[in-house]
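Visitor: I'd like to learn how to read a model like this one, feature by feature. Could you walk me through it?

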Amino acid sequence: MSEVQETQPQRPGMTWLNAHRRIQIFAYILVTPVVLLILGLVAYPFLFAIYVAFTDRVIGSVGNWIGFANFQYLFQTATFSSAIWNTITIVVVTDVFKLLIGLGLALLVNQNIPGRGLLRSLLILPWAMPAFVAFLTWRVLYQPIGGGLNLILTQTGIYPHVIDWLGQRQTAMPSVILASIWRGFPFWFISILAALQSIPKDLYEAARVDGANAWERFWMVTFPGIKQVVIITTLLSSIWTANAFEHVWLLTQGGPSDATMVFPVLAYFGMQTQRIGEAAAVSVAMLPVLAILVIVATSLMQKDED
Amino acid sequence: MSAEYKTDLKWKNWSRRQVLGVAVSAMALTTGISAFSPAMAQDKPFDGSKLTYWGGLIFADEANKLLVDTINQWGADNGVETEVVMINQNETIQKVSAAVESNTLPDALDLSVDLLLLMSRQGIFINIDDLYKSVGDAHGGWYDAIDLATDTTDVAGGRTGLPFGASGNLLLRRTDLLEPAGFSSAPTTWDELVEQAEAVNAMPVSGLGLALSNVGDANVQLSVLQSYGGRMADDTGTKVTIKSEETRAYLTWLKNAWDKGLFPPGNATWDGAGDNQAYLSGQAAFIANTGSVGIAAKSQDPELYDDTAYSALPAGPMGTVSPMTPQVRAIPATSTNQEAAKALLEYLSQPEFLDAYYALAIYGPVLKDSANAEAFNGEDPIHAGLLNLVENGTAPGYPDVYNAAYADASSNFIVPKMAQRVVIDGWDFDRAMDEAQSQAQAIYDKY
């Protein structure tokens, strides 16, 4: 058998197309449809949006290349500056509170307390509720006349005057943030709870044996165990919150004035006026901020793995 | 027995007269059919085709249903498979914009003249000069204001919209509150409005239910500004002139009313239904509205309907600015069934439909013959007000030049935003006017 193989002349190209390469080519063929799909559905719209941001495109016309004119125009407007600060404020403040609430509740229901299962289910409800319903409900609660919050305050005598929660600059942003925290904390809660449950109990027992108090056990055992999850959750939550549209739109539409104006709402207003070049520029202007978030989070995760 | 033999037998039994008779009959039948076929084709020239229509959803369910049923009936009568989609008018811009970009516009649609003007510049709609003329000629002609306001010749080389209704703001007031306070007639000036509003302003009722948010309703503020002599731009329609003493006078009026606490809480974040809800829930003594609130009150709160009076918008130092906004139907250039769409639009302009539609809808007439419709006989105050608006209201944009830049600036809520800067952010008038001036000029410079 071996003699036969030795006497057979090798065809040209057979050396290159060995078994290893054939497997490689087959693998490429298998992943090609997925790559094409991703290129078509993700990469193309993404790159096209960046291109449009540099044009004066309006609805119904292809537009012309105008360089950074859209960005120059945006940076001149006070509303754009407000959108930057408002977006940062909402992301940072809601993330901090969602972390504290999510972590606290996760630690609570990770204990062996009565009704733990029911409590876990109830805590996930805000996240399970459609955003549209959730924020319209909050809008009703915030109504100056007949709204739940004012009724509580006035009926209990805590504050006798009607507060225009969404209509004043001082209270509009905190109101939006409160509703966003309420809707978003369950994601943090469930993620951290899952991480807590993956920490081996032995570690806690060993820490107790070593005489660690509750804070030391949290800092030395619990926190390292959930750190990765917190980083990923922070990253995802920040991106989602920065891109979120419905919480601001349904509550204040970016007002009063531009007190709660954020990037997605500003982009939407751009679309409403049919200047999609400008609208795309608003979205593209967010990219550096989001890119920094991604890079920081990724590097932290990498560092932890190393 | 073969078939050929049978035939021979039959022929043999026929007389010459019978054969001739059959031949003549056959010829006549053939001629008849051939003559009748084109007639059938002419009766139903669009037989077997499809047509999609986007109707403007208004605050009157019966009117919406009538439009849908009429289009579907027209389709059934003409062998056209029709699909009618009613689009919330607050979402028309978004839906139409998305459809333009994705090349999925319907065969015909309803839209406001503002949107028509902006989109006609891009060649999105076909020229319907012939249809416009024939419909006008057949029904007493178009009202002058309608004719002027819907003329897209400058931007599109011809007319692209067929008007079917006119809307605009009326001033609605609560007579049950105002009459006991000593005000039996409508305020004729903005200052009088503040005076009357102040007299009935007591929680939970706010005197002035005017929107100051980033919605179309808040553009009433632009009319107030213009009635004070302020202008968006100069007579060339290119140079923005918001910053002026007249605008300062308007802002003074606004700030004065705001400081008196006459505006309902939340009016700076209202959506498109904010003023409707405030009035229907009894929280506003005055609102400026198209009349849809009156229609809603008629069915939801008859007592409120009876206690509501309607009048024209008050005047400023320069008179009344009460813009009338025509609604039009248009045919996208991408339609594959343009002739059928034209036929449908012509059909929808017939008095049989329009008169019935006006009785249910909240539109003023566009054709002079429609003034004879029952809806405009003066018995219904809302329709009477709408007819008055068409006959005596101001043209869109007046006294400004109504062009695409003006429509764009209005869509950007330049004046409501300036108002918010003053009352919400506490900016001084100059700073607020400067921002509005520069933002509006940036928009005008694009055209």
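Visitor: Let's begin with domains. Which residues does the domain assignment of chain B give to domain 1 and to domain 2?

Guide: Keep in mind that this is a predicted model. When you read a domain assignment, check whether each domain is one stretch or several. For chain B, domain 1 is 50-167 + 324-392, and domain 2 is 170-322 + 412-444. The centres of these two domains of chain B, taken over C-alpha atoms, are separated by 28 Å.

Visitor: And where they meet, how many residues of domain 1 of chain B are in contact with domain 2 of chain B?

Guide: Look at both sides of a contact, then at what supplies the residues. Here ten residues of domain 1 of chain B are in contact with ten residues of domain 2 of chain B. On the domain 1 side, helix α18 of chain B (residues 381-392) gives the most, with five residues. By class, that side of domain 1 of chain B has seven nonpolar, three polar and no charged residues.

Visitor: Now a sheet. What is the strand order of the open sheet of four strands in chain B?

Guide: In chain B the order is β6-β7-β5-β8, and the pairing is mixed. The edge strands are β6 (206-208) and β8 (308-311) of chain B, each of which pairs on one side only. Direction ignored, neighbouring strands of this sheet are turned by 25° against each other on average.

Visitor: Can we zoom in on one pair? How many bridges join β6(B) to strand β7 of chain B?

Guide: Two bridges, and the strands run parallel; β7 of chain B is residues 284-289.

Visitor: Over to chain A. How many helices and how many strands does its secondary structure come to?

Guide: Count the elements, then consider the overall dimensions. Chain A comes to 13 helices and zero strands. Its radius of gyration is 27 Å, while a compact globule of 306 residues would have one near 19 Å. The C-alpha trace of chain A spans about 105 × 70 × 30 Å along its principal axes.

Visitor: How far apart are the C-alpha centres of domain 1 and domain 2 of chain A?

Guide: Start with the bounds: the assignment gives domain 1 (2-53) and domain 2 (71-305) of chain A. Their C-alpha centres lie 43 Å apart. The contact takes four residues from domain 1 of chain A and six residues from domain 2 of chain A. On the domain 1 side of chain A, the residues divide into four nonpolar, no polar and no charged.

Visitor: Last one: how many residues of chain A are in contact with chain B?

Guide: Read a chain interface as you read a domain contact. Here 23 residues of chain A are in contact with 29 residues of chain B. The chain A side divides into nine nonpolar, twelve polar and two charged residues.

Key. Residues are numbered from 1 along each chain as its sequence is written. Chains are lettered from A and ligands numbered from 1 in the order in which they are written. This is a predicted model: local features need pLDDT of at least 70, side-chain atom pairs count only at pLDDT 80 or more; totals for chains, interfaces and linings use all residues. Domain bounds come from an automatic or database domain assignment. Two residues are in contact if their C-beta atoms, placed from the backbone, lie within 7 Å. Ala, Val, Leu, Ile, Met, Phe, Trp, Tyr, Cys and Pro count as nonpolar, Asp, Glu, Lys and Arg as charged, and the others, Gly among them, as polar. Two strands pair if DSSP finds at least two bridges between them. Axes are lines fitted to C-alpha atoms, for helices over the stretch in contact, and angles run from 0 to 180 degrees between N-to-C directions. The radius of gyration is taken over C-alpha atoms; the globule rule is 2.2 Å times the number of residues to the power 0.38.
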